[in-house]
Amino acid sequence: MTCFKPLLLAVALATTAQATLAADWQTSPYGKQDEIGAANLLTPEVVKQAVGLVKTGKTYPLAVPVSKDLPAFRHRSFHLYNIQPGEQAGQAGQTLGRNKFSFNDELVNGWTGVGTQLNGIGHIGIDNVYYNGNKAADFVTVEGVTRLGVEKVPPMVTRGVVLDMTAYYGKAIVPGGTAFTVADIKAVLKKQGITLRTGDVVLFNTGWLELIGKDNQQFLATEPGIDLPAAEWLADQGIVAFGGDTWASEVYPNPSGEEFPVNQFMLAKRGIYNLELIDTRALVQDKAFEFLFVLGQPLYKGSTQVNINPVAIH
């Protein structure tokens, strides 16, 4: 038995180290001043590898149009108004000056979390503590956050991967409440001939967008998505962002009864971004399962989430 003692000691030390890391999730591996989390993985090498994926040059917009009719999470809404500024404000088709100059101006009154969106790592916390140990009382103000804002996030130019869960389950719309496990994800990756690598953006196609305008109540009441062990596995692969065609990018309601545990883990603990309401239907139709993913989000200073229109290039 003596020869096994060093091995048992090593296992015990490794287990202790993992437990310590889990307990100390508030410390970023990129340093005390880090505000971009997994985006640190977007190196020039990652970008060059991703650019090499372009085969046809076909581009795919990945956003859904935003309007007042788009179903949104709980309290959120979106309203756009066309305004004719000037002396004749309110009169459609007004002209100004000798050359009859005319123009349209739009005023938006809406939440930044309506429609296709980037959820930054300052968006979700755990008991008022956010990524890298930032406490709400220290960085959240009525005019936005002073740390972890989306304006800090660099452009995301990397490999995108879409996993077609509709084909895996044999359903046009994967039922709400379906939890994607590690085994499910590995099976789809194998079927599609893909191996995840550092810097990836991983998206799930569930058919959920088909409910918009047909059954908005069901769309918001539940959704299919990854469970917590799957999130942990994905994070360990070194991904930068996860998401798909649902509004929370995780199984909801969660079987554990917890409120959005996957988002808490990914954003607050691992600094991994969430991409919601991503329209992957055309990618799946063309079997473009890996592609160049490009995102340059609006730089709303102090915001933790923002509307986006990422582009896939195949």
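Predicted model: local features only at pLDDT ≥ 70, side-chain atom pairs only at ≥ 80, totals over all residues.
Biologist: Is the pair of F73 and F260 stacked or edge-to-face?

Modeller: Planes under 30 degrees apart count as stacked, over 60 as edge-to-face and the rest as tilted. The ring centres of F73 and F260 lie 6.0 Å from each other, and the angle between their planes is 70°, so the pair is edge-to-face.

Biologist: How many residues apart in sequence are the parts that the pair of F73 and F260 ties together?

Modeller: Helices (H or I, at least four residues) and strands (E, at least two) are DSSP runs, numbered from the N terminus. F73 belongs to the loop between β1 (59-61) and β2 (78-83), while F260 belongs to the loop between β13 (241-244) and α8 (261-269), so the parts tied together are separated in sequence by 187 residues.

Biologist: Are F73 and F260 buried or exposed?

Modeller: Buried means under 20% relative accessible area, exposed over 50% and partly exposed in between, with a 1.4 Å probe and protein chains only. The relative accessibility of F73 is 19%, and that of F260 is 13%. Because each value falls under the cut-off, both F73 and F260 count as buried.

Biologist: How are α5 and α7 oriented to each other?

Modeller: Axes are lines fitted to C-alpha atoms, for helices over the stretch in contact, and angles run from 0 to 180 degrees between N-to-C directions. The axes of α5 (residues 182-192) and α7 (residues 228-236) come within 8 Å and cross at roughly 50°. Angles under 35 degrees count as roughly parallel, over 145 as roughly antiparallel, 65 to 115 as roughly perpendicular and the rest as oblique. The two helices α5 and α7 are therefore oblique.

Biologist: Which residues of α7 make the contact with α5?

Modeller: Contact means heavy atoms within 4.5 Å. From α5 the contact involves V182, I185, K186 and L189, and from α7 it involves P229, A230, W233 and L234.

Key: Residues numbered from 1 in each chain as written. Heavy atoms only, no water. Phe/Tyr/Trp six-rings, centres within 6.5 Å; stacked < 30°, edge-to-face > 60°.
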